[in-house]
Each structure stands twice: as C-alpha cells, then as structure tokens.
Amino acid sequence: MPAETTTEPVPVTGWGRTAPSAARVIRPRNYAEAVAAVRDCGPRGGIPRGLGRAYGDAAQNAGGSVIDLTGLDRIHVIDADDGSVLCDAGVSLHRLMEVLLPLGWFVPVTPGTRYVTVGGAIGADIHGKNHHVSGSFARHVLSFELLTADGTIRTVGQGTDLFDATTGGMGLTGVVLTARIRLQPVGTSLMSVDTERAADLDDLMARLTAGDHRYRYSVAWIDLLARGAATGRAVLTRGEHAPLDALPARARRAPLAFRPSRLPAAPAFLPSGLLTRTTVGLFNELWYRRAPRARTGELQSLAAFFHPLDGVPHWNRVYGRDGFVQYQFVVGYGQEDTLRRIVGRISARRCPSFLAVLKRFGDADPGWLSFPRPGWTLALDIPAGLPGLGAFLDELDEEVAGAGGRVYLAKDSRLRPDLLTAMYPRLDDFRALRAELDPRGVFVSDLARRLNFQESR
Amino acid sequence: MKDAFGLPQSLLVLGGTSQIALATARRLIARRTRTVWLAGRPSPALESAAAALRTLGADVHTVPFDALDPGSHESVLGKVFAEGDVDTVLLAFGVLGDQANDERDPAAAVRVAQTNYTGAVSSGLVAARALQAQGHGSLVVLSSVAGERARRSNFIYGSSKAGLDAFAQGLGDALHGTGVHVMVVRPGFVRTKMTAGLPEAPLATTPEAVATAVELGLRRRSETVWVPGVLRVVMSALRHAPRGLFRRLPEQVRRPDRPVDAARVVSAK
C-alpha cells in the first residue's frame, strides 16, 4: 500500500503561521514507506516534519515533499530498570510522558511544549529549563537510525560526525526513524516550585547567577514592556521533581499520575491586532503582580510547570492571520552588556511580547548547528504585523553576532543569510558533510533555501 | 525564499525600465533582495537601470523581453526560473497610448491592448505556472484605477487595464492555496515619465509611495492594494455612480484621481 499522500500540494507553514509554501505531504506508516518517500520525493526534494512546532520554515519545502513522520509512532522497548526507551521518531514527548511517568521515568529534556516529536527534538537539538544541568536533547540520545538520501538506513551513535551533524541539523542530513533515549528518574509527577520576583534586569541576572545551580529547572519570565527602573522585571520559577514525601497524603495514592488539563482551542479565525501594547501591557502587569514575591515548595503539575501553553490548543491563532515571529538568541557569559542593551532596546521599542523568557545555558553539546552554548538566552514572541519589525530584528542580529552569539534556527523565520556563518562557525563542516552524504540535495527545506545552506560563500 | 515578512530574496521585473518597478526594486534591495532580473526590450535605459541597482549591492541581470511577442514568453521566463527560485515577479510593463490619436488609428489602439492585456495574459500565465511549480512566490500586477471605471478621456488604456485587472484577480483565485500569492496594485495618478505633461491630480502619488505599498502588501499577503489607500473608497463611489450622471460629470471629476471633486458630486446626487 502506498503511504498516505496528498496528491496536490497543500499550503504548509510553521507554528508562527508566516510565509506559507505549498508541498506534497507524504505520511509514511512504516519504514519501507519512509524509504520510498525519500526515493520518490521529486526534483525539489523533501524534508521530515513532526508536529509542526518549529516556528518558522524549517519543516516546509516549497514545491517539493514534506515527509510527515507522525505516522511512525511506535514505542518499541522501554527498559524500566535501566531507564531508556527505544521509539520511532514520530512519537511525541506527550506520548512518552503518558507511557513513562507511571513507570517512574520522565523525558530528559522538554521544551515549552510536549507536542514535539522525538525526531524534531533531535533535528532541532531542543533544550529545556534544565539546560544548565542536563544539556540539550542530544546528550541523552544514545543512538538513532537515520534514513539518508541514498535510501539506506544507518545506525548513528554518539561521538560520530553524522551524529553531531544530525543533532541540530534541522532535518537536512536525513530522516531519523528511531532513537534510543536515556531517561530521567522521577519519584512523582509533581514539581516542587520556588517562585520569586525580580525588580529589574540586573536583579534578575544576579538571582539567576546566584541560585541556578541549586535547581534542576530554572526559567524567568520577563516583562519586556516595563520601562525605566522596572526594565527587565521578571518572575523566576525554579523547581525540582517533588519527592514522594513532599506530597500530601491524598496525592500519594497516585504519585505518578499524568493528567494534563486542556482548555477549548483558540477559534480558527481571529483578527490580527488583538495583541497590542495595551492588551499585552495589561496582561504583563497582571502576570507580574499575581506572582508571589517569594514562595517556596509549591506543588505544581508537570504540565503547569513545563507546558502552560499546551493547555490552549492552537494558541498560535491569537496572533491572527499575520502570524508571529519568535526571536531567540544566546550570548555568552561575559556579554551581559549586550543582553542589557538588547533588553533595553526591546523595552524602548515597546514590542508587545507577552511570552519573553530568559534563562542560563550550561555546557554546549557537540552538535554542529546546535543552538545552546554557555550563556544567556532570551526568547520572545512578537506579532509579525508590527511595523518595522524586520529591520529592528536585523539590528538585534548584528548585536548578537557581534557578541559571538547566535539565533535559534528552529525558531527563525527571518535571519539575514550572511550572518549565518558568523553565528554557526561549523556551518562549512555541515555543508561539506551534506555535499558528500547528499550530493543531489535530496533533503532541503525553505529554511535551507532562505539561508543558503547549499552554497558556501 | 520569502522571510516571515513576505520580503523576497529574488525579484523578476517584467518591464524593467518602469519607474514604479525600479522604485520597488530599490526598496526591496534595501531589505532582503539580492538577485534581480530586469526584463524588457534591450536598450541603454534597461542597462543603466540595472547598473543603478547594482550599486545598491544586488546581483542584477537583464533579460530581453517583449510584451508584444507572447510566443517568446515561455522560453524567456523559463530561462530565468531555471537559474533558481524567483520569490517575486513584478508585472510592471504597460503603455498609456495617445487616446485622441488611438481613436483614429485602430492599429495603434490594438497595440495598447496587446501590450497591456495580451502581453500580461501570456507572461502572467507563464510566470504563474513557474511559481506554482516552485510552490511559493508572489506575482505582483500593476493595474490602475483607470481600469476600475472607463472614462471618456482614456478608455482605451482604461479598458486594457480593466482586462488586466480582471485577469489578475481571477488568476489569484486560481492560485489560492497553491502557496502562490497574487497581488493587484491599483495606483492612481503616479508622477512618472509616462504621465509627464499630463495635468496632475490632487491625489497624485509617487513611484516610491507605490513601492512602500507593495512592500506592505507583501507582508500582509494582500490581494488588492490601492495607492493611496483612500482611492479604495473614492473608486467605490465612482463605480456605482449611474452612467448618465457619470457621463455628465466634468472630466476632471470623472478622473479617478480627482477624489475630492468626485466625492462632492456624488454626495450631492
């Protein structure tokens, strides 16, 4: 039987819903169909796609094929003693949590959403609130099977060039079919969370620097609309997996239950321009005021702590048809002045961003195009319809690149191509490996075209 | 590829000496555009336009293109698309003609129609198919308010633009959902060499203003853009004015670029 395939190209966008392009979507249901999909993806190539949570154009391929891996979603082996899982690339972290939590295991790294696939987690080499302790996703991947452009399936282990090119390689080395992942043991499915407020950016950075090593998970929400003395005011939430004895008696009966709640989805058609400086400013004010000045040991569900937005399906629709861009960059330790300057510029410009997050990265992993490196990372969402936004973000890129930093490709939808090599010095190695592994350029995406991944100039 | 703001990295201009097109190209080069093809009849003007854009840092090629030779469009445009993706095609060629003369010389009138309409149908379809094959891109069509309602003083030009406009709208519907975006731009009176010597209108605009509107339209993925924007309202009123009344309006009122007068007369009805 052939894979489930759209006969006509259909419009595909990333989570930010900007710059749609049309592609044939192929959804293989087994490995043979996946091999066939790569062989038959046509002159404009193919790119693997998971649950479409990359914000920009990383999993789009105009005029070619998009290989939807969500049909490959079997969990093959769980080693509940050793703490590892072997599963298909199309399995979501949500599904893994459902299956693993009752056994006392948790995914080693989760981003702000559970609705990413294992394949996507490897392709973007995702990070979470525990990066300063646990590194990025790749660190916990023992090995994976990669379907390459010639139609062969290779087993790829840590410490090889192909491993380091694929982790963070945005799907451009091949299709990850299965992966073996080391897991994190947990005693309960609740988090013990400490919350505190920071009055301004310097206060926030001091608190993060002083305290992060005491927590496995750490993140700060910043109010980027606050100005003057309050510039960079923030709410820090840091936590640990709660041990069993921290739970009240009632919760101890089912300490590993995983019951994320879900609100109704955002309506399909919302006007652009709901998120203005006024509405976002009000939201931010309330959010900041509502957070306790200091509270320790609050028990929160995993979903509430890690994935608050997953409770609202299709929340990306609140940005209306213009969509939104996410801007995430990292600058190294010692570049605090750059961070201060950028936060100041964003605040002064009054970008209506209600999702702005600052955290500290720990040691980098060896992925050639992997985003994290030791330093400060700031992520924010901005409505794409904001006048002059493109030029403004270009200026921020210059600051970031000038400070030796980089922006996150899984979130990018607008970087100027010539800055890519400055931000990712191993890009030429990546290009060379791809030229050898995939000389015909079978794997290609809108992101790869936009950022000139093929050419080395 | 386009970025999140709809800004193209490569641009093909059909009618490469058009001042509106060149103003748009300059604006887009200041953003993301690095590769430009200027298609037009080979001339020193075309070459100097290319040279001027090169000084802005773009990689500019000229392509021999004749709107009046539809048979060549397939191969000419095919060569450009073979060199790489074209993110935006700007269909900007057109002639104003000389109404008084063209009414006496049907062959001259036909040439206006063939350039503005037939040439656009042919090259527009060729470009649309190529864009559809690459699964993304914008086709920007320079129409005119003159096509919105034919008037005595330039109905030959106006009818050709009316045909072009209807064609482009239909093409936009046909391409809906293919990843290709068709945008019809309807400027009023634009101060260019084409309109030099004609009496200027109150809402007259500039090539730079049209370029700004095109950039905004690309970002918003607009289907129709009026320049200036108030013409949308003015033309809606004029379009619905009864024939008898419309015919009796003084010529400067029937001119769509005289919206202030037009509004007064329509409301006095």
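How many residues of chain B are in contact with chain A, and how many of chain A with chain B? In this predicted model, 18 residues of chain B touch 31 residues of chain A. The views below start at that interface and then move to local features.

**View 1. The interface of chain B and chain A.** The two chains bury about 1,900 Å² between them. Carbon and sulfur atoms account for 50% of that area. Phe5(B), Arg32(B) and Arg221(B) supply 31% of what chain B buries against chain A, more than any other three residues.

**View 2. Polar and charged pairing between the chains.** The interface of chain B and chain A holds 11 residue pairs in polar contact, with both residues at pLDDT 80 or more. On the chain B side, helix 5 (106-134) and helix 7 (207-220) each supply at least two residues that touch chain A. By class, this side of chain B has four nonpolar, seven polar and seven charged residues. Three salt bridges cross the interface.

**View 3. A salt bridge from Arg44(A) to Asp85(B).** Over all chains, the count of salt bridges comes to 42. In this one, the side chains of Arg44(A) and Asp85(B) meet at 2.8 Å, N to O. Arg44(A) sits in the loop between helix 1 (31-39) and strand 4 (46-49) of chain A, and Asp85(B) in the loop between helix 3 (73-82) and strand 4 (88-91) of chain B, so the pair joins two chains. Side chains of opposite charge can pair when their charged atoms come close.

**View 4. Helix 10 against helix 11 in chain A.** Helix 10 (residues 336-349) and helix 11 (residues 389-402) of chain A pack at about 170°, with axes 10 Å apart. Because angles over 145 degrees count as roughly antiparallel, helix 10 of chain A is roughly antiparallel to helix 11 of chain A. Helix 10 of chain A brings residues including Ile342(A), Arg345(A) and Arg349(A) to the contact. Helix 11 of chain A meets them with a set that includes Phe392(A), Glu395(A) and Glu399(A). The contact has six nonpolar, one polar and five charged residues.

**View 5. Two backbone features in loops.** Most residues other than glycine have a negative phi, and most peptide bonds are trans. Arg17(A) is not a glycine, yet has a positive phi of about 60°. Arg17(A) lies in the loop between strand 2 (10-12) and strand 3 (21-27) of chain A. In chain B, the peptide bond from Val227(B) to Pro228(B) is cis, with omega near -5°. Pro228(B) belongs to the loop between strand 7 (224-227) and helix 8 (231-239) of chain B.

Methods: Residues are numbered from 1 along each chain as its sequence is written. Chains are lettered from A and ligands numbered from 1 in the order in which they are written. This is a predicted model: local features need pLDDT of at least 70, side-chain atom pairs count only at pLDDT 80 or more; totals for chains, interfaces and linings use all residues. Side-chain values use heavy atoms; hydrogens and water are left out. Contact means heavy atoms within 4.5 Å. Buried area is the accessible area (1.4 Å probe) that two parts lose on being put together, summed over both. A salt bridge is a side-chain nitrogen of Lys or Arg within 4 Å of a carboxyl oxygen of Asp or Glu. A polar contact is a pair of N or O atoms within 3.5 Å; within protein, one must be able to donate a hydrogen and the other to accept it, and residues adjacent in sequence count only if both atoms are side-chain atoms. Helices (H or I, at least four residues) and strands (E, at least two) are DSSP runs, numbered from the N terminus. Ala, Val, Leu, Ile, Met, Phe, Trp, Tyr, Cys and Pro count as nonpolar, Asp, Glu, Lys and Arg as charged, and the others, Gly among them, as polar. Axes are lines fitted to C-alpha atoms, for helices over the stretch in contact, and angles run from 0 to 180 degrees between N-to-C directions. Angles under 35 degrees count as roughly parallel, over 145 as roughly antiparallel, 65 to 115 as roughly perpendicular and the rest as oblique.
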